[in-house]
Amino acid sequence: MALVLILVALIAFIVVSTTRLKLHPFLALLVAAIVAGFAYQLPHQDILKTVASGFGGILGNIGVVIVLGTIIGVILERSGAAITLAESVIKLLGERFPTLTMSIIGYIVSIPVFCDSGYIILNSLKNALAARMKVSMVAMSVALATGLYATHTFVPPTPGPIAAAGNLGLESSLGLVIAVGLFVAMVSALAGLLWANRFIGKDIVLEDDGTPMPGAEDFEVLKAQYGTLPSATQAFAPILVPIVLICLGSVSVFPSRPLGDGTLQAVLSFLGQPVVALLVGLLLACTLLNGNGKRQQLHDRVTDGILSAAPIILITGAGGAFGAVLSASPLGGYLGNTLSALGIGLFMPFLVAAALKTAQGSTTVAMVTTSAMVAPLLGQIGLDSEMGRVLTVLAIGAGGMTVSHANDSYFWVVTQFSRMPVAVAYRAQTMATLIQGVVGITTVWLLSLVLL
C-alpha cells in the first residue's frame, strides 16, 4: 500500500506544482522522477543514471519525429494550406450540412496543425459560414472545436499520441497507431458533432467586445494576406503522403509479409520509418513556400518549428525519465497484480489520464505522464502485445481529452474567439469533450474485444 501512496503523492506533486506553483511541466516531471528514485529506495548511484537513460531513450526514438511533424505543421499554417484544406472540404460537401463540414475540416486540419492554431486560423471561415447559412454560432464553434480535438488527441504526428506511442515502445508501429487512431478519432468527432447539433436551433446571446463579429469579408481579407493560396494537391500532400508511407511501412513488416521479401518490401519498409516519411512530408511542404527568399522562409519555418517543439520534447523526455524510474521500482509488479485482480484493463490508463487532464489542463502532459506510468504495467494487465499497446495509447488519448475546462488553454481559445459566455462554454464545449472522451474509451474497449 505504501508503494501506491508514494505514487499518489508524486502525481499530486505534479498537479499542484504545475497548476498552483506554475512550475513548468518539464521541471515538475524531472523532480518527480528524482524524488521517486529516493522514495522507492533505488540505489542512490543509479537514480540519475536511470533518469538520464529514460530521458535519452524516449527522445532517441521519437524526438526527431516530433520536430519534423511540428515543422510541417508550421509550414502548412503559415502558407495558407489550412484554408485550402477547408475550402476543398466545402467544395466537396457543399453548404447543406454546415456543422458536419466544420467537423470534417477540423478533423483533417488538426492532424498536422495544433488544435489551438487550427481553431484560430479557421475562426473567420466558421463565422462566415454560420452567418451565410444562418446557423447557430455556438453549434458551429463546437463542431469545429471537437473535430480539431479528435485528431489532436488520437492521431500522430500530434505530439501527445507520438509521445505516448514512444513511451509504450511503438516507434516502429506508428502506422498501426495512425490507422486505428483515425477510426477512433472519427467516432469521437462524430460524438462531438452530435452534441454540437443540440445548439443549432438555440438563440444564444454571444458576448459583445465592442467589435463586429468577423464574417465573410474578414475571411476574404485573411485569404488575401496569404497571397496565392496553394492548390489542394499541395496542401494535402504533406499530410497524406507521410501517413500513407508510415502505414505501408507497417504493413510491409507484418509477419505474413503481404508485400513479399523483395525490393518493394525493402523500399516501403525504409520509406515507412516515421523519420523518413516525415522528411518526405517536409520536402513536399517546401513546395508551399512561395515568393522570393524561399531559403530564408524555410530557415524561418524550421526555426519556428524547433521553438514550438522544444517544450514538448523536454516534457516528453522528462516523462520518459519518470517512467524509467517507475519501471526500475517495485511499483510495477505490485500495481500490476492489483489491477489484474480488478480486471479494468484499458480503463485504468483512461482514468489516470482523465484525472491528470482535468486537474492540470494539458493534454500532452497527461498523455506523457500516464504512458510513462503504465508502461511497466502492461504485461500484468494483459496489454503487452503490439495491438494491446496501440489500444493503450488510444485509451490514454481518450483520457487526455476528458475534460477541457478553465485550466486548458484550448478552452479559452474556443471561448474567446467564438465569444461564448463562460457558462455557455461549460455546457457546450466542456460537456462536448467529456462526451468525446467517454465515447472514445468506449470505442477503444469495443475494439479490444475484437482485436485482442
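Contact here means heavy atoms within 4.5 Å. Keep that in mind as you work through these exercises on a predicted model.

**Exercise 1. Thr 146 and its surroundings**

Find which helix holds Thr 146, decide whether Thr 146 is buried or exposed, and list what Thr 146 is in contact with beyond its neighbours within four places in sequence.

Solution. Start with the helix: Thr 146 is found in H7. Next, check accessibility. Residues under 20% relative accessible area are buried, and Thr 146, at 0%, therefore counts as buried. Now look for partners: leaving aside neighbours within four places in sequence, Thr 146 is in contact with Ala 189, Gly 192, Leu 193, Gln 429, Ala 432 and Gln 436.

**Exercise 2. How H7 packs on H9**

Describe how the axes of H7 and H9 cross, then sort the residues of their contact by class.

Solution. Begin with the axes: those of H7 (residues 137-154) and H9 (residues 174-197) come within 8 Å and cross at roughly 160°. Angles over 145 degrees count as roughly antiparallel, so H7 and H9 are roughly antiparallel to each other. The handedness of their crossing is right-handed. On the H7 side, the contact includes Ala 139, Val 142, Thr 146 and Phe 154, and on the H9 side it includes Val 177, Gly 181, Ser 188 and Leu 193. Sorted by class, this contact has eleven nonpolar, six polar and no charged residues.

**Exercise 3. How H19 meets H20**

Work out the crossing angle of H19 and H20 and identify which residues meet.

Solution. The axes of H19 (residues 409-418) and H20 (residues 422-451) come within 10 Å, with a crossing at roughly 115°. H19 passes H20 in a right-handed crossing. From H19 come Tyr 410, Phe 411, Trp 412, Val 414 and Thr 415, which meet Val 422, Ala 425, Tyr 426, Gln 429 and Thr 430 of H20. By class, the contact of H19 with H20 divides into seven nonpolar, three polar and no charged residues.

**Exercise 4. The largest nonpolar core**

Which residues touch the most other members of the largest nonpolar core, and which helix gives the largest share of this core?

Solution. The core has 137 residues, and Ile 105 and Phe 322 touch the most other members. Helix H3 (residues 44-79) supplies the largest share of this core, 13 residues. Then zoom in on Ile 105: apart from neighbours within four places in sequence, Ile 105 is in contact with Ala 86, Val 89, Ile 90, Leu 122 and Leu 125.

**Exercise 5. Backbone exceptions**

Locate the cis peptide bonds that join Pro 156 and Pro 157 and Thr 402 and Val 403, then examine the phi values of Lys 22 and Gln 41.

Solution. First, a reminder: most residues other than glycine have a negative phi, and most peptide bonds are trans. The cis bond between Pro 156 and Pro 157 has an omega of about 15°, and Pro 157 lies in the loop between H7 and H8. For the cis bond between Thr 402 and Val 403, omega is about -5°, and Val 403 sits in the loop between H18 and H19. Turning to phi, Lys 22 has a positive value near 60° and belongs to the loop between H1 and H2. Gln 41 has a positive phi of about 60° and is placed in the loop between H2 and H3. As a last step, apply the over 50% cut-off for exposed residues: Lys 22, at 67%, counts as exposed, and Gln 41 counts as exposed at 69%.

Note on methods
Residues are numbered from 1 along each chain as its sequence is written. This is a predicted model: local features need pLDDT of at least 70, side-chain atom pairs count only at pLDDT 80 or more; totals for chains, interfaces and linings use all residues. Side-chain values use heavy atoms; hydrogens and water are left out. Axes are lines fitted to C-alpha atoms, for helices over the stretch in contact, and angles run from 0 to 180 degrees between N-to-C directions. Helices (H or I, at least four residues) and strands (E, at least two) are DSSP runs, numbered from the N terminus. Angles under 35 degrees count as roughly parallel, over 145 as roughly antiparallel, 65 to 115 as roughly perpendicular and the rest as oblique. A crossing is left-handed if the near helix is turned anticlockwise from the far one by less than a right angle, and right-handed if clockwise. Ala, Val, Leu, Ile, Met, Phe, Trp, Tyr, Cys and Pro count as nonpolar, Asp, Glu, Lys and Arg as charged, and the others, Gly among them, as polar. A nonpolar core is a set of buried Ala, Val, Leu, Ile, Met, Phe, Trp, Tyr and Cys residues joined through side-chain atoms within 4.5 Å. Buried means under 20% relative accessible area, exposed over 50%, partly exposed in between (1.4 Å probe, protein chains only).
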